[in-house]
Amino acid sequence: MIETERLIIRPWRERDRAPYFALNADPEVRRYLGPAQCRAESDAALDRQEAAQAAHGHCFWALDRRGDGALIGFCGLLSGKAPIEGKVEIGWRLGRAYWQQGYAREAAEACLAWGWANLSAPAIYAITVPANTASWGLMERLGMQRVPDGDFDYPELPEGDPLRQHITYAIDRP
């Protein structure tokens, strides 16, 4: 568990499934990720996070607000998929009610610090679509830099899908 001034970043619990589904069912939250998820898809995604935690000791962790214990989203570190396979990826997703309040940055800074203290990775990466200016803007505020040759087409999305093109950012170990 990681604690910040306003947040608790922790492994997932069974009771997180309903609020996690609400997050994944919101079309605005999923705007740059793909269609809203049904409950089975959301549960499968949470199962993958739990499996990553069990296998590697980290995942995209649950993100609770300290004041009231509300699950506001997730933030954490994963072993990246292609094309950043074998590298550590940082990611975050928050419910709309929690946007533009500094929660994502606070959580991401804490997760980066955890990564540097607990993993041997020489760098940590993040990916998003070019249109997601809020996400890559946060990457830049975290000190991440765009990887010049890191643009790629997301392999699971078909030609012509507006979410297929991705950009990559990275931050080197301090």
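Buried means under 20% relative accessible area, exposed means over 50%, and partly exposed is in between, all with a 1.4 Å probe and protein chains only. By that rule, buried residues make up 50% of the 174 residues in the protein.

Some ground rules before we start. The model is predicted, so to speak of a local feature takes pLDDT of at least 70, side-chain atom pairs count only at pLDDT 80 or more, and totals for chains, interfaces and linings use all residues. Residues are numbered from 1 along each chain as its sequence is written, and side-chain values use heavy atoms, with hydrogens and water left out.

**Exercise 1. Work out which elements the protein has and in what order they come.**

Step 1: Helices (H or I, at least four residues) and strands (E, at least two) are DSSP runs, numbered from the N terminus.

Step 2: count them. There are 4 helices and 9 strands.

Step 3: read along the sequence. The pattern goes β-β-α-α-β-β-β-α-β-α-β-β-β.

**Exercise 2. Check the radius of gyration of the protein against that of a compact globule.**

Step 1: take the rule. The radius of gyration is taken over C-alpha atoms, and the globule rule is 2.2 Å times the number of residues to the power 0.38.

Step 2: compare. For 174 residues the rule gives a value near 16 Å, and the protein has 15 Å, which agrees.

Step 3: Along its principal axes, the C-alpha trace covers about 40 × 35 × 30 Å.

**Exercise 3. Find the strands that pair with S4, and say how they run.**

Step 1: recall what pairing takes. Two strands pair if DSSP finds at least two bridges between them.

Step 2: look at S3 (residues 60–65). It pairs with S4 in the antiparallel sense over 5 bridges, and Ala62 stands opposite Phe74 in S4.

Step 3: follow the chain from S3 to S4. The two form a hairpin with 5 residues between them, and Gly69 in the turn has a positive phi of about 75°.

Step 4: turn to S5 (residues 88–94). S5 and S4 run antiparallel, joined by 7 bridges; here Leu78 has Glu89 in S5 as its bridge partner.

Step 5: see how covered S4 is. Of the 9 residues in S4 (residues 71–79), 8 are buried.

**Exercise 4. Name the buried residues of helix H4 and some of what covers them.**

Step 1: pick out the residues. In H4 (residues 133–141), Ser135, Gly137, Leu138 and Met139 are buried.

Step 2: find the cover. It includes S5, helix H3 (103–118), strand S6 (123–128) and strand S9 (165–172).

Step 3: see what follows. After H4 comes Gly143, with a positive phi near 95°.

Notes
Contact = heavy atoms within 4.5 Å.
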